[in-house]
Amino acid sequence: MTKPIVFSGVQPSGELTIGNYLGALRNWVKLQDEYDCVFCVVDLHAITVRQDPAALRKATLDVLALYLACGIDPNKSTIFVQSHVPEHTQLSWVLNCYTYFGEMSRMTQFKDKSARYAENINVGLFDYPVLMAADILLYKADLVPVGEDQLAHLELTREIARRFNNFYGSFLTEPQAMLAKSARVPGTDARKMSKSYGNSVLLGENDDGIKKKVQEMYTDPLKIRKDDPGHPQGCVVFAFHKIFNENYKEREAECKAGSVGCVFCKRQLIDALSAFMKPLSEKRAELMGDKAYLEKIIKEGSRKARETAAETMSHIRKALKF
């Protein structure tokens with residue numbers, strides 16, 4: 001029986017965060033036995049922002065190592081690097097010609113990125129949803145794990161596929177959203193966790209980094225003294241406890257009763273996060289020390305990905321009479 005195809009990818013633009021793990025990688029690991037999974041390191045998307053080439057290459061290998069350290073298995077899933085499969089850019093150009101300027105203008109993330117990178121508002125920033133559509137459609141993905149903030153981009157992908165199919169027949173699969181079911185962890189300053197805000201806890205953070213970031217976390221502003229009753233539901237530290245500390249209900253009761261202070265709570269969280277990060281950090285370091293193995297994974301995964309991508313592009317070329 002053929003398994004449904006799942007496609008997803010992460011940019012190698014700096015280290016991944018705890019949010020990336022909870023929203024994506026942890027769920028990907030669970031999908032591998034039930035679905036035919038295709039997981040990509042989307043380095044072409046990363047260059048819409050100026051990158052140092054050597055740093056980008058290292059970041060690409062680092063993301064791959066984190067995939068593997070988190071439990072993505074190259075024997076179960078296709079793992080590859082986007083730029084190693086030229087069909088991504090080939091299909092992206094074709095799809096550009098079936099995408100309307102007005103559709104792209106409504107993509108809210110372009111407005112956000114334009115504001116953040118005002119010195120480099122390039123065509124790639126505007127056009128990257130079409131490349132994203134090509135990423136998905138190349139592999140005939142049935143399902144795409146996404147957060148709610150990405151639903152508009154996936155709907156654009158579906159619309160482009162429908163439009164192309166209306167002209168040429170049912171070549172492209174319209175993917176469905178697989179909404180991520182995970183706890184949403186805030187940034188250290190209580191805003192959405194984002195590397196651009198500088199409020200992220202990185203995946204594989206060392207003990208010193210964990211300690212510094214936990215100490216900076218916002219806590220309940222009404223709990224001034226240790227014995228003041230706390231309000232854990234509005235506290236960043238407690239949001240992390242709920243995910244990483246199996247004794248979080250005990251911490252919640254103690255906070256509400258005013259029997260412990262925020263300093264104690266932060267110490268407990270530092271211990272819990274360190275215990276979670278240690279095996280991940282050790283496995284990533286081991287993998288990064290074996291570049292030959294990582295290159296082998298990339299080569300084999302990209303070969304497998306190209307087989308499917310080339311087949312899709314062959315159908316596209318025939319449809320267009322190229």
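Predicted model: local features only at pLDDT ≥ 70, side-chain atom pairs only at ≥ 80, totals over all residues.
Which residues of strand E3 (residues 78-81) point one way, and which the other way?

Residues are numbered from 1 along each chain as its sequence is written, and side-chain values use heavy atoms, with hydrogens and water left out.

**View 1. Strand E3 and its pairing with strand E2 (residues 36-41).** Thr-78 and Phe-80 point one way from E3, Ile-79 and Val-81 point the other way, and all are buried (under 20% relative accessible area; exposed is over 50% and partly exposed in between, with a 1.4 Å probe and protein chains only). In a regular strand the side chains alternate between the two faces of the sheet. E2 and E3 pair in the parallel sense over 4 bridges, pairing being assigned if DSSP finds at least two bridges between two strands. Thr-78 in E3 is the bridge partner of Val-38. Strands (E, at least two residues) and helices (H or I, at least four) are DSSP runs numbered from the N terminus.

View 2. Not counting residues up to four places away in sequence, Tyr-67 touches Gly-9, Val-10, Leu-25, Trp-28, Phe-39, Cys-40, Val-41, Ile-72 and Ile-79, contact meaning heavy atoms within 4.5 Å.

**View 3. Packing of H3 against helix H13 (residues 291-320).** The two helices pack at an angle of about 85°, with their axes 11 Å apart; axes are lines fitted to C-alpha atoms, for helices over the stretch in contact, and angles run from 0 to 180 degrees between N-to-C directions. H3 and H13 are therefore roughly perpendicular to each other (65 to 115 degrees; under 35 is roughly parallel, over 145 roughly antiparallel and the rest oblique). Arg-57, Leu-61, Leu-64, Ala-65 and Leu-68 in H3 meet Lys-291, Tyr-293, Leu-294, Glu-295, Ile-297 and Ile-298 in H13. This contact of H3 with H13 comprises 8 nonpolar, no polar and 3 charged residues, where Ala, Val, Leu, Ile, Met, Phe, Trp, Tyr, Cys and Pro count as nonpolar, Asp, Glu, Lys and Arg as charged, and the others, Gly among them, as polar.

**View 4. Helices H10 (residues 236-244) and H11 (residues 248-257).** Their axes come within 8 Å and cross at roughly 150°, and the helices are therefore roughly antiparallel to each other. Phe-238, His-241 and Lys-242 in H10 meet Tyr-248, Arg-251 and Glu-252 in H11. The contact of H10 with H11 has 2 nonpolar, 1 polar and 3 charged residues.

**View 5. Arg-163 in helix H8 (residues 151-168).** Arg-163 counts as buried because its relative accessibility is 12%. Leaving aside neighbours within four places in sequence, Arg-163 is in contact with Tyr-98, Thr-99, Tyr-100 and Glu-103.
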